[in-house]
Amino acid sequence: MGVRTVADLAARFFPAPDDTCPTYLEDSHWEPIVDGVAYFRELAGLLDRVGRGDAVYIAGFQADPRMDLTGREPGDPEHRPFTDILAEKAVDGADVRVVLSAAEFSGGVPWLPFGPFRANVAAARVMRAWLPTTRDAGQAPLRDRILLDWSGPAIGSNHQKMVIFTIDGTVTAFAGGIDLSPNRWDTAPHNRLRLGPHRWGWHDAAARLHGPAAGRVWQTFRMRWENAAQLPPRRIARHLPRNPVTLLREGLTTVNPPDTPVEVPPIPSQAARPGTGVAVRVLRSYRPWSVRRKGWWWDRSARLRRPAAHEVYNTLTAGIRAARRYIYVEDQYFYESLGGDRHYELYGDLRAAAARGVKVILVGSGRRDPADGGDSTVAPVLTGDLRRHVIDPLPARDRLNVVMYRIRDMTVHSKLMLIDDVFASIGSANFFSRSMVGTDSELTCAIVTAGDAVTNLRVTLWAEHLRTPVTDELRPHLTDLDTALGIWHDGWSSTDGAPGIWRSAGSPAGFVPSEQVLIRARYSRRFDQLT
């Protein structure tokens, strides 16, 4: 086999580029970030550097305005909410803008303890009224800088998560699955959180971009902001009243301030950032959407349109179809949900990969996200959709190429895929088809590399789930794919004379797990997995 070039790999693992979804070839820098502690510390460091003429743009699925990015809890004398810092930066002359996900009638009945994105309505109110503790501000500096975006399908959401800094003309963009919420501030060994009486951990991931690819994330934010700023007005309670009588007395206001600036200032030209041996794509998912209503009356033409984009689905399916050795997926959902589309499911491509001998490794939650409701405990079994669409149609010999693991007491919120130590994707898009078809709008970054970036990420992730430090002695065993695949199935390791490698401390040399948290999923509650 000849020497692989990144151009060859991009042609094999990516769809053909076009103007709507370009491939950035060796001109953009990509860096993965594993877990919230590292992510929030990076945000805090960059936010501290923001000055006059710089910019901070945030688009999120949810945000707690009182979160401290350094992990300090309320009551700590050094605790400082990130909203206070944003307000300070706005007073000092930075362009600060935040877009939060909403629904068309978010907070429409605000005294009820439920409703779509009610928490974001409350968060937007808090942020708009915030006065910085470190500056004298005549009025709240974020009053017209926080938007609620209710665009998109009625049963969908704006699930994109991005944070963008422009400092001295250089754009640094983050895209991933991490919300600005205190329970995301976690890292290995994931033993600091509690969920009722249970130990709880939160595993997540994001990617940092520089160069032209970061500019594309910026462009995505600009579209979101300008779209949200032009949405027809929707009325909600002026405050969050406790009963209808208070609502009648105080009256209504609009979801978004009427004087919000629509246009986002132009992005500074972004010079190429050396990304030797790396090609990057910034991917979006949207269902087609338009709004024709103005107030309560129908217009004859649409005021706002958003065309369909299936860049995440097209790129992931291209990568899966190119796989030869392994496909590794971390995700919160390995089952379908309302708003999906069977034409945009990934199960068939995973099944075809397993049928040609590719090892498919799926890693999911052992404890459910509290936002999903119900009992937090997740049974260590395959989901029904995986059984029906991947396992059952395969011949018995090929079923051995698919494994699923759950991580004990852990919410696996990362949405990432690794293929053959060549391809990686990290973003907001979940595995299910409602993310692929764009019922939930999504933003994901994908790379291919002729270097070791994906291998290094794989080593980091697999060592974390094994709860073992990556020592100089252990690293070669984790790096060597023939050895490392034995983590997931005894029959997958080609290491001579080492049956049961990874099953006990010292095998291989340097393997010193502090605990066992990986649980192999059974076929169902009644039947064990076929082995």
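Which residues lie nearest the centre of the largest cavity? The legends below answer this and take in the surroundings too. This is a predicted model, in which local features need pLDDT of at least 70, side-chain atom pairs count only at pLDDT 80 or more, and totals for chains, interfaces and linings use all residues. Residues are numbered from 1 along each chain as its sequence is written, and side-chain values use heavy atoms, with hydrogens and water left out.

**View 1. The protein chain as a whole.** The secondary structure comes to 14 helices and 27 strands; these are DSSP runs numbered from the N terminus, with helices being H or I of at least four residues and strands E of at least two. Of the 531 residues, 57% count as buried, where buried means under 20% relative accessible area, exposed over 50% and partly exposed in between (1.4 Å probe, protein chains only). Among contacts (heavy atoms within 4.5 Å) with a separation of 6 or more, 77% are accounted for by residues 24 or more positions apart.

**View 2. The largest cavity.** L316, K415, L416, S425 and A429 lie nearest the centre, out of 14 lining residues. The volume is about 90 Å³, and the lining has eight nonpolar, three polar and three charged residues. In these classes, Ala, Val, Leu, Ile, Met, Phe, Trp, Tyr, Cys and Pro are nonpolar, Asp, Glu, Lys and Arg are charged, and the others, Gly among them, are polar. On a 1 Å grid over the protein atoms alone, a cavity is a set of points where a 1.4 Å probe fits but cannot get out, a pocket is an open set with protein on both sides within 12 Å along at least five of seven lines, and lining residues have an atom within 4 Å of a point. Grid points are joined across faces, edges and corners, and a volume is the space filled by probe spheres set on the points.

**View 3. The second largest cavity.** Here about 70 Å³ of space is lined by L43, L47, V56, I58, L69, F82, L86, V163, F165 and L180. Elements giving two or more residues are α2 (36-49), β3 (55-60), α3 (82-91) and β7 (162-167). The lining has 10 nonpolar, no polar and no charged residues.

**View 4. The largest nonpolar core.** Such a core is a set of buried Ala, Val, Leu, Ile, Met, Phe, Trp, Tyr and Cys residues joined through side-chain atoms within 4.5 Å. Of its 108 residues, W30, L86, F165, Y328 and W488 touch the most other members. A second, separate core of 43 residues includes F14, V358, A429 and A446.

**View 5. Helix α8, residues 347-355.** Y347, D349, L350, A353 and A354 are buried. G357, with a positive phi near 100°, follows α8.

**View 6. The largest pocket.** Its volume is about 720 Å³. F61, Q62, Y333, A371 and D372 are the closest to the centre among 35 lining residues. Helix α4 (residues 118-128) gives the largest share, five residues. The lining divides into 15 nonpolar, 10 polar and 10 charged residues.
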